[in-house]
Amino acid sequence: MTFQEQYALLENIQISGFGYELIRETLLPELLGKENASILYWAGKSLARKYPLETLEEMISFFEKAGWGTLTIVSEGKDELEFELTSPLIAARLSHKEDCTFQLEAGFLAQQIEQQKKRVTEAYEQQKKRAKKVVFTVKWDKKDMIAE
């Protein structure tokens with residue numbers, strides 16, 4: 001099932017931010033322990049492989065529909081992209097949570113860009129707590145092509 005089909009099936013079901021945060025910021029870190037961030041990064045990459053997107057616009061739409069926030073392209077260079085992610089949930093998380101991670105989103109971005117550019121890609125998260133947003137820098141090596 002594509003993400004569009006799955007979204008159409010579930011789009012009218014609403015869940016509370018509290019319920020989402022219970023799983024994301026309480027349960028998962030407890031289950032995953034000190035490996036939480038790295039496992040979430042690889043989980044994001046896995047999700048991207050299950051839901052391949054062909055364009056940046058589709059990625060922006062996916063973030064919105066998944067409830068991850070509003071993804072904006074800040075800058076684009078020859079071997080990197082910089083994104084900004086904002087939402088009321090992110091603002092609340094950054095304001096009230098001492099130690100939170102956005103590695104799920106970082107891994108998702110890295111894998112999507114890797115699939116689109118056909119280059120080995122990594123993403124780095126930078127939390128801007130005062131601005132209540134997260135900045136992702138996605139970098140790829142122009143010489144390091146992925147095997148098809």
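Guide: Let us begin with a term: a salt bridge is a side-chain nitrogen of Lys or Arg within 4 Å of a carboxyl oxygen of Asp or Glu. Please keep in mind that this is a predicted model.

Visitor: How many salt bridges does the structure hold?

Guide: The structure holds 5 salt bridges. One of them is formed by Glu21 and Arg93, whose closest N and O atoms are 2.6 Å apart.

Visitor: Which parts does that pair tie together?

Guide: Glu21 belongs to helix α2, which covers residues 17-32, and Arg93 belongs to helix α5, which covers residues 88-96, so the pair ties together parts that are 72 residues apart in sequence.

Visitor: Are Glu21 and Arg93 buried or exposed?

Guide: Both Glu21 and Arg93 are buried.

Visitor: What does Arg24 pair with?

Guide: Arg24 forms a salt bridge with Glu105, and here the closest N and O atoms are 2.7 Å apart. Arg24 lies in helix α2 and Glu105 in helix α6, residues 103-117, so this pair links parts that are 81 residues apart in sequence. Arg24 is buried, and so is Glu105.

Visitor: And Glu84, what is its salt-bridge partner?

Guide: Glu84 forms a salt bridge with Lys133, with 2.8 Å between the closest N and O atoms. Because Glu84 sits in strand β2 (residues 80-86) and Lys133 in strand β4 (residues 133-145), the pair ties together parts that are 49 residues apart in sequence.

Visitor: How exposed are Glu84 and Lys133?

Guide: Glu84 is partly exposed, with a relative accessible area of 21%. Lys133 is also partly exposed, at 22%.

Visitor: Let me change topic. What helices and strands are there?

Guide: The secondary structure of the protein comes to 6 helices and 4 strands. Starting at the N terminus, the elements run α-α-α-α-β-β-α-α-β-β.

Visitor: How compact is the protein?

Guide: Its radius of gyration is 15 Å, close to the 15 Å that the globule rule gives for 148 residues, so the protein is as compact as a globular protein of that length. Along the principal axes, the C-alpha atoms fill a box of roughly 45 × 35 × 30 Å.

Visitor: What share of the residues is buried?

Guide: Of the 148 residues of the protein, 34% count as buried. The accessible surface comes to about 8,900 Å², and 55% of that belongs to carbon and sulfur atoms.

Visitor: How much of the contacts comes from residues 24 or more positions apart?

Guide: Such residues account for 64% of the contacts in the protein with a separation of 6 or more.

Visitor: And how many side chains are positive and negative?

Guide: There are 20 positive and 24 negative side chains, and the centres of the two sets lie 4 Å apart.

Visitor: One last residue, please. Where is Lys78 found?

Guide: Lys78 is found in the loop between β1 (70-76) and β2. Lys78 is exposed, because its relative accessible area of 63% is over 50%.

Visitor: What is Lys78 in contact with?

Guide: Leaving aside its neighbours within four places in sequence, Lys78 is in contact with Trp140 and Lys142. Lys78 and Leu22, in turn, are 56 residues apart in sequence, and their C-alpha atoms are 39 Å apart in space.

Methods. Residues numbered from 1 in each chain as written. Predicted model: local features only at pLDDT ≥ 70, side-chain atom pairs only at ≥ 80, totals over all residues. Heavy atoms only, no water. Helix = DSSP H or I, 4+ residues; strand = E, 2+ residues; numbered from the N terminus. Buried < 20%, exposed > 50% of the residue type's maximum accessible area, 1.4 Å probe, protein only. Rg over C-alpha atoms; globule rule 2.2 N^0.38 Å. Contact = heavy atoms within 4.5 Å. Areas by Shrake-Rupley, 256 points an atom, 1.4 Å probe, with all protein chains shown as cover. Lys, Arg positive; Asp, Glu negative; His and termini not counted. Charge placed at Lys NZ, Arg CZ, Asp CG, Glu CD.
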